[in-house]
Amino acid sequence: RGTCAMSATVATARGLGGWPARCRAFRQRTRTPTRMSVRGSFSRFGNAAGGGRGALCFSGRARAEAKDEESKTTETSATASTSTTTSPKNKLKLGTNAKQSDVDGAPHVPVLMRQVLESFGDVTLKTFVDCTMGAGGHSSAVATKHPELRMFIGFDVDPLAHTLAGPRIQNALREAQKGKHDGDGDEASSLREKENTPEKSFSFNPITANFRELRAQLNLLQSGLETSSIDGILMDLGVSSMHLDLPERGFSFNDDGPLDMRMGPSAPYSAFDVVNDWPQTEIERILRDYGEEKHWRLLARRICEARIESPIETTHGLVSAIGRVPGVKHGRSGNVNPATRTFQAIRIAANDELGCIEDVIPAAIESLKPGGRLAIITFHSLEDKIVKELFKKYAGRVPETDRPYSQWEPQPPPPPKIVKLITRKPLVADDEEVKANVRARSAKLRVCEKL
């Protein structure tokens, strides 16, 4: 190798034939294209501007031009690798191995299914509320495990969710009730069919509204239902796979689409309004507080400078406006694309997600019966912090303050204890579930029970 290093410049100028036999063999062995050559030419997230590299990226040794058979071999290998990566048969979304549908074919895979069912396992659920119905994955499983269910109430602002979840949940309960009565005699079965059919005994109530309106909508459905009347409430916060996997919804930067990010068509404004109309100070605030972005001031300035030339209308347009983030290599920071935090911040601001959580938890606890349970799934620290603090507050614990109290100062009185915590620490997905559905890796489940 010392001979190779000393004569590298002269030998490369004369061509590969000028190298000694031993060094030529070594040279040929190291001229195979590396993974970096493919990764640099095709961005992992579908946009060369976001990854920061638009052309082929070779190592230092590979930049030296060689002749004859070696050059032909290198070009052929690179072409084969590129064609394999971009083949129409392999149109997979790079950067994710999440399932696109669950066992029933619905376009959303519910996370922490086993943990949710165990949380409601020892509760008699006659009235159940799913505040984030989605495709009905959790609710249909709960209905299967609880044939005693008589009233189901499902909230979702997305009309697509109601189309998918309605038949699925009703079929699941029908099958559960049928299995429950399989051991009955013929006379009991005929009497049940006449007087207590699933269609008559089960009330399915889909509500196209945000779950922050829980108290008002329950009162409209049935007077007094908003107070100590519900056996179980489930919330699966954040964005669903149905939103992420549809480019026209504008939630993901993997595919180009309109900059929308609304959970439902009734939302007052979209991500387009936030990006193009909000002042720079507000964009800085949401990137810092909602996205937890270290370079919030820099990225906000870039967004505002880009929208002066022309409105930012697409997801890839927003990625281009963000550009390269300092300290990020190969378009990624650890396991997170730098655009992820910006998209999260804009989505939370457009839908006021954190404000909805703060409004719905007190109303949900008020509507529970004694012994009823509230289960909430969160996906990032901002959501989980709000849920954790409110659960502790209603469990009678003194809320944390910015400064500790001295033992000589009057201590603040603890709030009244209304619930008990079923989960002292959040339940998370096991390795098997994360391997099958990567979107479950950040999910946390907290459960409380009303006293």
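Of the 451 residues of the protein chain, 47% count as buried, where buried means under 20% relative accessible area, exposed over 50%, and partly exposed in between, with a 1.4 Å probe and protein chains only. Before I go on, please keep in mind that this is a predicted model, in which local features need pLDDT of at least 70 and side-chain atom pairs count only at pLDDT 80 or more, while totals for chains, interfaces and linings use all residues. Residues are numbered from 1 along each chain as its sequence is written, and side-chain values use heavy atoms, with hydrogens and water left out.

The protein chain holds 21 helices and eight strands; helices (H or I, at least four residues) and strands (E, at least two) are DSSP runs, numbered from the N terminus. Contact, in what follows, means heavy atoms within 4.5 Å, and among the contacts in the protein chain with a separation of 6 or more, 73% are between residues 24 or more positions apart.

Let me start with the strands, where two strands are said to pair if DSSP finds at least two bridges between them. Strand 4, residues 230-236, has seven of its seven residues buried, so it is largely enclosed by the rest of the structure. On one hand, strand 4 is joined by three bridges to strand 1 (residues 127-130), and these two run parallel, with aspartate 130 standing opposite leucine 234 of strand 4. On the other hand, six bridges join strand 4 to strand 5, again in parallel, and here isoleucine 233 has leucine 374 of strand 5 as its bridge partner, while methionine 235 has isoleucine 376.

How many of the residues of strand 5 are buried? For strand 5, which covers residues 368-378, the count is eight of eleven, so this strand too is largely enclosed by the rest of the structure. Strand 5 also pairs with strand 8 over six bridges, this time in the antiparallel sense, and threonine 378 has lysine 444 of strand 8 as its bridge partner.

That brings me to arginine 446, which lies in strand 8, residues 444-450. Is the residue buried or exposed? Arginine 446 is buried, with a relative accessible area of 9%, and its side chain makes a polar contact of 2.8 Å with the side chain of aspartate 384. A polar contact here is a pair of N or O atoms within 3.5 Å; within protein, one must be able to donate a hydrogen and the other to accept it, and residues adjacent in sequence count only if both atoms are side-chain atoms.

The side chain of asparagine 205 makes a polar contact of 2.9 Å with the side chain of serine 203. Leaving aside neighbours within four places in sequence, asparagine 205 is in contact with Met151, Phe152, Ile153, Gly154 and Leu221; leucine 221 is 16 residues away in sequence and 8.5 Å away in space, C-alpha to C-alpha.

Now to the helices. Helix 17 (residues 315-322) has six of its eight residues buried, so it is largely enclosed by the rest of the structure. At the start of helix 17, a side-chain oxygen of threonine 314 comes to within 3.0 Å of the backbone nitrogen of glycine 317, and just after the helix, glycine 323 takes a positive phi of about 70°. Helix 8, residues 137-145, is mostly covered as well, with seven of its nine residues buried.

Finally, helix 18 (residues 338-351) packs against helix 19 at an angle of about 50°, with their axes 6 Å apart; axes are lines fitted to C-alpha atoms, for helices over the stretch in contact, and angles run from 0 to 180 degrees between N-to-C directions. Helix 18 is therefore oblique to helix 19, given that angles under 35 degrees count as roughly parallel, over 145 as roughly antiparallel, 65 to 115 as roughly perpendicular and the rest as oblique. The contact is made by Arg347, Ile348 and Asn351 of helix 18 and by Glu353, Leu354 and Cys356 of helix 19.
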